[in-house]
Amino acid sequence: MNTRSIRFRVTVWYAGLLTALLVLFGVFIYFTLERFLETSLRDTLTKEAQTIGEALISNVNETGDAYVIKEIEEHFAPRITSRFLRVTRADGSVLYQSSAPESGTFDPSEIASSPLDTVPPWREEHLRNGKELLIHTLPFVDRTGSRYLIQAGAPYEQVERVLEELLLSLGVAFPLIVAVAIVGGYVLMRNAVKPLDEMATTAERITLRNLNERIPVASTGDELEKLTLSLNRMMECLEETFHHINRFSADASHEIRTPLAIIRGEMEEAFHSPEIAPQLGARLGSALEETERLSRIVEQLLEMSRLEAGETLVERTHFDFTEMTRSTVDQMRLLAEEKKLQLQFEGAKPIDVEGDPLRLKQIVVNLVDNAIKYTPSGGSVSVATYPEDGRVVLEVADTGIGIPKDATSQIFDRFFRVDKARSRQLGGAGLGLAIVKSICAAYSGNVSVNSAEGQGAVFRVEFPLDRSNHRKETNV
């Protein structure tokens, strides 16, 4: 999981915020419930004391002590309800005192009686077992004017038990809620950023070959839709600019070809004239060579413009790439023999491909010609073809002067030459490898080089195999 992604950070922020809110909510519920339970307990004790006084003690002289004791036991049942009840006369004698409750929460004998005038209405009695008893004291006067002290108490254990159960419930529920929130938040964020993933996938798929493709618009009505529209408008501008540059390059190259052809024709006619002086003839020969070189550059620029525009890749046929490479190498042996180089080819296995034979042959010609140019006499150039993981591989290796490490990343750029003076002497314009790269890109392939200065170079070309041929390879 990428901890720096927006999805992860928003999920963590959401889960953290939810956890903090749940904790605050739990604290609020805990103290609110505690206050509510304590208030309810106080109200209950107050009503019990008032009921005992008004219904029983007020007529105690008529009904008798035994009746009062009986009624308290029947209606309030302190042994069962774990209540503490005690009625004390003004002289300190006890009219009634509840016995120990069945739950064994407290012992009534531990609770000392207090003088009638000094007892507060509420107090907390701390027992020996460490528990607390909330006691309400109500002074009461019967119809004859006799004074009594009615005490009703209940243990805090009942309130504490409810609060403990609440804490247990919150302790179990909160982690589950947070876990569900994290999973739900992650899923929601994944769905929320899914349009961004689609945008990124589409944007990576768009190249110079398919600039007319657009990113699908996310109809969300928010910033995401605005971003999609902005990117598509940028694509339109890039497509228009790219086509404009290509048209300009093609038009410029096309317009330059005719004047160059005329100049070259006239210079050739003047060069072969018997009346021209030898010194002027030498100058005309040099100028004619430069004119021819300029014509080749113009033709290559025009060719690259057409390649990038996809205009010269219409013809696609099935042919044996190995056989085509072998015949091309054989045709170029004369160039290698002139420099006393060994030119070898390795590729016994037929490789069926679909494409333009002329363009794919141009890759072989440019790479082999480049290797022959920059390999000194006595060296060797080897060419190999073979299938690998559903792709066609062409390797051209030489024992030439090599390429410096800092120049390998620029070797396929237009007009880039490592040694400009040497390239000029050899007739190079710095466009051959750029054309190879353009043809490879047109066939969804790539070209790379592995070289070091003084250690030769290995150029590797890869492009997809024909699908039907790939199935045959797999079945075999």
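Keep in mind as you look around that the model is predicted. You'll find M199 in helix 5, which covers residues 157-205. Setting aside residues up to four places away in sequence, M199 touches I215, L224, L227, T228 and L231. Take L227 from that list: L227 is 28 residues from M199 along the chain, and the C-alpha atoms of the two are 9.9 Å apart.

Now step back to take in the whole thing. The protein chain has 13 helices and 12 strands. Of its 476 residues, 39% are buried. If you take the contacts with a separation of 6 or more, 65% of them are between residues 24 or more positions apart.

Next, go to the loop between helix 1 (6-55) and helix 2 (60-63), where S58 lies. Is S58 buried or exposed? With a relative accessibility of 13%, S58 counts as buried. Once its neighbours within four places in sequence are left out, S58 is in contact with G53, F140, D142 and R143.

Let's turn to the aromatic rings. Searching the whole structure turns up four aromatic pairs. One of them is F84 with F106: the ring centres are 6.4 Å apart and the planes meet at 80°, so this pair is edge-to-face. These two come from distant parts of the chain, 22 residues apart, with F84 in strand 1 (residues 84-89) and F106 in the loop between strand 2 (94-97) and strand 3 (122-126). F84 and F106 are both buried.

Another pair is made by F321 and F463. Here the centres lie 5.4 Å apart and the planes are at 80°, so this one is edge-to-face too.

The ring in question is that of W122, and the charged end of R42 sits over it, 4.7 Å from the ring centre.

Our last stop is a pair of helices, helix 10 (residues 357-373) and helix 12 (residues 432-442). They pack at an angle of about 150°, and their axes are 9 Å apart. The crossing of helix 10 with helix 12 is left-handed. Which residues of the two helices meet? On the helix 10 side they are R359, Q362, I363, N366 and L367, and across from them in helix 12 are G432, L433, I435, V436, I439 and C440. Sort the residues of this contact by type and you get seven nonpolar, three polar and one charged.

Eight of its 11 residues are buried, so helix 12 is largely enclosed by the rest of the structure. The buried ones are L433, A434, I435, V436, S438, I439, C440 and A442. After helix 12 comes S444, which has a positive phi, near 55°.

Definitions and conventions. Residues are numbered from 1 along each chain as its sequence is written. This is a predicted model: local features need pLDDT of at least 70, side-chain atom pairs count only at pLDDT 80 or more; totals for chains, interfaces and linings use all residues. Side-chain values use heavy atoms; hydrogens and water are left out. Rings of Phe, Tyr and Trp (its six-membered ring) pair if their centres lie within 6.5 Å; planes under 30 degrees apart count as stacked, over 60 as edge-to-face and the rest as tilted. Helices (H or I, at least four residues) and strands (E, at least two) are DSSP runs, numbered from the N terminus. Buried means under 20% relative accessible area, exposed over 50%, partly exposed in between (1.4 Å probe, protein chains only). A charge sits over a ring if NZ of Lys or CZ of Arg is within 6 Å of the ring centre and within 35 degrees of the ring normal. Axes are lines fitted to C-alpha atoms, for helices over the stretch in contact, and angles run from 0 to 180 degrees between N-to-C directions. A crossing is left-handed if the near helix is turned anticlockwise from the far one by less than a right angle, and right-handed if clockwise. Contact means heavy atoms within 4.5 Å. Ala, Val, Leu, Ile, Met, Phe, Trp, Tyr, Cys and Pro count as nonpolar, Asp, Glu, Lys and Arg as charged, and the others, Gly among them, as polar.
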